[in-house]
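Please keep the sequence and the 3D view open while reading.

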Amino acid sequence: MDDKALGKILVIDDDEDVLFAAKMLLRKHAKEVIIEKNPKKIPFLLNNDTYDVIMLDMNFSRDTTSGKEGFYWLEHILERDANAVVVLITAFGDVEMAVKSLKEGATDFVLKPWQNEKLLATLTSAMKLRKSYEQVDTLRQTNRQLQAAQQDNFGQMIGDSPAMKNVFNIIDKVAGTDANVLILGENGTGKELVAREIHNRSLRKKNIFVNVDMGAITETLFESELFGHKKGAFTDAKDDRVGRFEMANKGSLFLDEIGNLSMPLQSKLLTALQRREVTRIGSNKSIPIDIRLIAATNMPIHDMVHQSGFRQDLLYRINTVEIHLPPLRHRQEDIPTLANFFTETYSKKYQKAGISIDDAGHQKLKAYAWPGNIRELQHAIERAIIMCDNAFLTDQDFFFLQQSIHSIKEEPAATPANFNLDDVEKTVIQQAIDKHSGNISQAAKELGLTRASLYRRLQKYGI
């Protein structure tokens with residue numbers, strides 16, 4: 001055993017000989033050993049310090065066989081610290097009492113007089129459990145901190161345009177459910193931000209949000225990344241690995257760029273989602289999973305289904321509710337608000353507080369098409385702040401956008417590749433949807449259709 005491997009140990013027993021023997025044995029292996037004869041001092045001890053392992057006698061002055069006092073103080077300890085590691089000790093080898101103590105939350109059970117080696121082995125195992133509790137707590141705290149940081153670092157959904165109000169409305173309706181959500185939109189439109197917003201407003205918000213970039217996972221690593229593996233399952237499997245599905249258990253799993261998956265990988269993913277269980281590579285044991293699935297893609301996934309590039313049954317599985325994020329060029333009225341937000345954020349970051357954008361600067365930003373959407377706007381503002389020497393950002397501070405400036409209204413209208421009536425109708429419907437920023441009622445009115453008729457056509461053409 002490593003020197004001082006047992007950490008800080010608290011021993012509570014009314015037998016002074018037991019306390020003396022425990023201290024003499026454990027002081028060689030623990031960082032500190034605290035002994036106490038009176039169990040009524042437990043509240044004071046717990047209020048003033050923390051312990052890696054607590055050894056607690058089962059019987060004190062009330063009687064000598066029932067263990068009632070031991071169970072009473074065990075409950076008291078666990079109420080104060082749910083992760084407390086408590087090893088109960090007694091002179092009576094009552095199997096039923098041992099089983100009950102474990103059910104009540106004790107970590108282990110030892111008999112006295114004990115064998116020194118057996119006691120040390122028991123405490124060593126208890127210490128490992130304590131460390132694992134601490135690691136889990138650390139991971140949870142880290143995750144909360146990461147979520148908070150991401151929420152603070154551009155973690156606000158900003159927009160007053162009709163298209164964004166429609167997005168907010170859908171989030172309001174779906175967030176509190178466990179429905180699977182598919183987020184569609186171009187790169188840089190904020191799909192991950194929407195996914196996190198859904199998670200943060202869901203019933204699973206206190207649990208983990210796991211983000212997986214499906215486009216970055218190779219065919220060979222897919223199962224290992226998502227389902228995990230056992231040590232020795234393949235050449236580089238040097239340790240057991242928890243897959244992303246297991247990691248997200250009780251929380252939300254965000255599969256970004258899901259449209260990039262090959263057909264064989266789509267099949268494996270569908271099987272896991274249907275069975276709601278995964279099996280690590282190298283293991284025969286199925287692990288049940290309970291996740292809220294959120295997926296996203298920038299690809300025309302409905303067209304991919306018609307072209308046999310994406311499984312229709314998988315699409316049905318992942319898109320109980322769809323959210324379409326509009327490109328920034330279709331929500332021009334939000335550009336000034338977003339620009340001001342990023343300006344304030346980066347001016348503080350680079351210690352240039354007070355910088356703002358003048359009218360000419362805003363006009364230039366609104367005239368740009370933003371093919372990279374919000375992400376491109378964010379980077380443009382950051383660059384301008386870094387290079388700025390004045391209190392205002394003007395149109396000259398965005399000179400690097402000059403070559404791409406053009407009026408949004410002058411964008412050429414999309415035309416069908418042929419004159420097939422279905423293709424023509426699909427193109428016209430798409431133009432109407434884009435013109436009215438996703439507002440179905442306004443688009444239906446301009447097309448001379450009822451909302452129900454338009455919805456049927458949207459479903460028909462996968463728009």
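## Strand S10 and its partners

Strand S10 and strand S13 (residues 292-297) run parallel and are joined by four bridges. Strands here are DSSP runs of type E of at least two residues, helices are DSSP runs of type H or I of at least four residues, and both are numbered from the N terminus. Two strands count as paired if DSSP finds at least two bridges between them.

How many residues of S10 (residues 252-256) are buried? Five of its five are, and the strand is mostly covered. Buried means under 20% relative accessible area, exposed means over 50%, and partly exposed lies in between (1.4 Å probe, protein chains only). Both faces of S10 are covered. Ser252, Phe254 and Asp256 are buried on one side, and Leu253 and Leu255 on the other.

## Basis of the model

The model is predicted: local features need pLDDT of at least 70, side-chain atom pairs count only at pLDDT 80 or more, and totals for chains, interfaces and linings use all residues. Residues are numbered from 1 along each chain as its sequence is written, and side-chain values use heavy atoms, with hydrogens and water left out.

## Helix H7

Helix H7 spans residues 191-200. Seven of its ten residues are buried, so the helix is largely enclosed by the rest of the structure.

## Backbone exceptions

Start with a cis peptide bond. It runs from Lys112 to Pro113, with omega near 5 degrees. Pro113 sits in the loop between strand S5 (108-111) and helix H5 (116-152).

Two residues other than glycine have a positive phi. For Arg276, phi is about 55 degrees. Arg276 lies in the loop between helix H10 (263-275) and strand S11 (277-279). For Asn373, phi is near 60 degrees. Asn373 belongs to helix H15 (residues 373-387).

Is each of these side chains buried or exposed? Arg276 is partly exposed, at a relative accessible area of 42%. Asn373 is buried, at 0%.
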